[in-house]
Amino acid sequence: MSIEVTAVRKTFGDFVAVDGVTFAVRDGSLTALLGPSGSGKSTLLRLIAGLEAPDAGRVVIGGADRTDTPARNRDVGFVFQHYAPFKHMTVRDNVGFGLRIRKVPRDRIRARVAELLELVHLEGYADRYPSQLSGGQRQRMALARALAVEPRVLLLDEPFGALDATVRKELRAWLRRLHDEVHVTTIFVTHDQEEAMEVAEQIVVMNEGRIEQIGTPRDVYERPASEFVMGFVGPVTRVGDAAVRPHDLDVRTTPAAGAVEAMIERVVHLGFEVRLELVTGDGLPISAQITRQAAEELELRNGQIVYVRPNRLLRAVA
């Protein structure tokens, strides 16, 4: 089901949380709302869900204007960062709760819950209670519960934000695979650039209640529309008046045309890659990232003089 948000605005007193936002999500796609804390992304998600009412603008879902439609009638599933399951209910009962409220026949509930538990890889945990699950398992249970009523839109508000880095990475890959299976139109909120880049087909970058850029992960990373996007989505370093990604710097031990002389202050080993913290003769810092093999071939060390040159400019910065 497609989603169209047109000129939506939301204020809380004197604070403008969402300021004239317009964007579209195509049917069956996976979109990330990406931005720092306070950028308006969670408020925008709540406006789409019907949990907040806009001061102006329209929310169209599946071609129908849902701006004034109550949340319960929007056919939307919602998962919060801090999911609060029913502690006294088993996993099976938590997942089937929405179906029981809708008075779905018991045999249909059993079949649907079994199907979902298998989908989220919790089929062996149906009789456990939430306290007996890990954080990642509870989030998968939350997604199963949201999907139980077969929503046509799934909205996720920082669903993995409260989990440790390893579990988040595992669940990101799982969410991508899940979406490929169910194809429900999905929007998720995150402030994690890597999460958005890895999972989403479309990224909506927000800042101070407004949209800075909409595009594919590659577009946003390689062709940022503003200095904010450039700095927020991925690392940036400056060489002269040019902005460049650290991995787009050539590092040499001999002078080269167009190269800047710099001294290595620190060599940081990051597994397959090596980060170089450099400083120019003018005292300006430069960060470069090269492969471990390249670092070994160059025999780089602290205090060494090297020459760096961009092999691909991001954009000129005034």
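**Exercise 1.** What covers the buried residues of H2?

Solution. This is a predicted model, in which local features need pLDDT of at least 70 and side-chain atom pairs count only at pLDDT 80 or more, while totals for chains, interfaces and linings use all residues. Residues are numbered from 1 along each chain as its sequence is written, and side-chain values use heavy atoms, with hydrogens and water left out. Begin with helix H2, residues 91–101 (helices are DSSP runs of H or I with at least four residues, strands runs of E with at least two, numbered from the N terminus). Its buried residues are Val91, Asn94, Val95, Gly96, Gly98 and Leu99, where buried means under 20% relative accessible area with a 1.4 Å probe, protein chains only. The cover over them includes helix H3 (106–119) and H4.

**Exercise 2.** Identify the residues with the most contacts inside the largest nonpolar core.

Solution. A nonpolar core is a set of buried Ala, Val, Leu, Ile, Met, Phe, Trp, Tyr and Cys residues joined through side-chain atoms within 4.5 Å. The largest one has 43 residues, and Val95, Ile203 and Val233 have the most contacts inside it. Its largest share, seven residues, comes from helix H4 (residues 135–148).

Key
Buried means under 20% relative accessible area, exposed over 50%, partly exposed in between (1.4 Å probe, protein chains only). Contact means heavy atoms within 4.5 Å.
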